Amino acid sequence: MSAVQSRITGPVLRRVVQPQNILEMGMAFWSTRAVVAAVEFGVFTQLAAGPLSGQELMDKLAWQPQAAEPVLDALVVLGLLRRDRAGRYSNSPRTALFLDRAKPSYPGGLMGRSSRRLFNLWSGLGDLRQTRRPGAAQERGDNEQFSALYRDPAALRSFLIGMNGMSTGEAALIAARFPWKRFRSFVDIAAAQGALPVHVALTHPHLTGASYDLAAVGPIFEEYVESFALSERLRFIPGDVHNGPLPTGHVICFGRVLHGYGETMRRELIAKAYDAVPIGGAVIVYHAMVDPARPHNFASDLSSPNIMLETRAGFDATTTQCSDWLRAAGFVGVTTRHLIGPTSMVFGYKPRRVPSEP
């Protein structure tokens, strides 16, 4: 301690051993709540029209200046807002793209729902580690979380729009990094609002596609697809993955679906996909996966306990596990590609004849 207090060695040691970064990690919910509150009140949407002074912004939001000014300044420090010399606030390039409600890349609905739902769920992390029981009340007894969500139209729309915003980046990469030229059609299982089908269709005009999901999702998917003038090439197929075979297509996609199920159900769905594609067809699985080739991936490591807190059987598999399941179902040429953040895709082909590039 005397060395830390020394005028000579103290400054260097305090930079090395000071606990500030540890405290910031432990108190990270401060910044989380500041960001989510700004999203929920529409701060970034208000600023999409142009810079506003602090007072103008607070008048629009009906915020109290003494409480609001420190939050706005914290958002500047976080790099989400900018403040010019005149004291006017504006969006950073990232927030202009992702946190304006008018943009199709907006994930704010999911952020708000996740904050309201998951903030309290994560207080049960200690119990989860001891019992492996989810903290979600909707996953107790005969209840099931997503069944309840699909019965609430407003909550379902908000959830799907949020999922769409979160999936936009990975959908664009899948459209670019998978050999779509080999195929003519695809089916995305539970495509949410339609990020992947839309990006694939826009990138590859020769393809037709579909989303297969519960009927309640249909109008939300169709509205989004129509906004891109893709209704003639993308359709919605109502159904339940638990009942009967999957729709047929040259490529079957599972995005952020399998991680909500246990291993047995995942194997069953992958086997259904094998039956649904023709010889030379393919399956793609993409969601947050722990990639042994990319250690110390913070988001991937914490994504698995998150899905465990939400579902009784869910977990995030490793890319190795997912590859093994595809091979066990009969797929060959199984390949792993990291996409963005914690998300990777694993894909494989139904054997005997793999179409070649035209």
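Which residues touch the most other members of the largest nonpolar core? In this predicted model, local features need pLDDT of at least 70 and side-chain atom pairs count only at pLDDT 80 or more, while totals for chains, interfaces and linings use all residues. Residues are numbered from 1 along each chain as its sequence is written, and side-chain values use heavy atoms, with hydrogens and water left out.

The largest nonpolar core holds 38 residues, and F178, W180, V251 and I284 touch the most other members. A nonpolar core is here a set of buried Ala, Val, Leu, Ile, Met, Phe, Trp, Tyr and Cys residues joined through side-chain atoms within 4.5 Å; buried means under 20% relative accessible area, exposed over 50%, and partly exposed in between (1.4 Å probe, protein chains only). Among the elements that give two or more residues to this core are α11 (145-150), α13 (195-203), β7 (251-255) and β10 (343-349). Helix α12 gives the most, with seven residues. Helices (H or I, at least four residues) and strands (E, at least two) are DSSP runs, numbered from the N terminus. A second, separate core has 27 residues, including V187, I189, L269 and C322. In soluble globular proteins, nonpolar side chains tend to be buried together.

Leaving aside neighbours within four places in sequence, F178 is in contact (heavy atoms within 4.5 Å) with F183, V251, A282, I284, M345, F347 and Y349.

V251 is also touched by S185, as are L207, T208, G249 and H250, when residues up to four places away in sequence are not counted. S185 is found in strand β4 (residues 185-189) and is buried, with a relative accessible area of 16%. Its side chain makes a polar contact with the side chain of H250 at 2.8 Å. A polar contact is a pair of N or O atoms within 3.5 Å; within protein, one must be able to donate a hydrogen and the other to accept it, and residues adjacent in sequence count only if both atoms are side-chain atoms.

Helix α7 covers residues 65-77. A68, L72 and L75 are buried in this helix. Seen down the axis of α7, the buried residues fall within an arc of 55 degrees, so they line one face of the helix; the arc is that of the directions from the helix axis to the C-beta atoms. The buried residues pack against α4 (29-41), α5 (43-47), α6 (54-61), β2 (81-83) and β3 (88-91). On the other side of α7, Q66, A67 and V77 are exposed. Just after the helix, G79 takes a positive phi of about 85 degrees.

Notes
Expected span 1.5 Å × (residues − 1).
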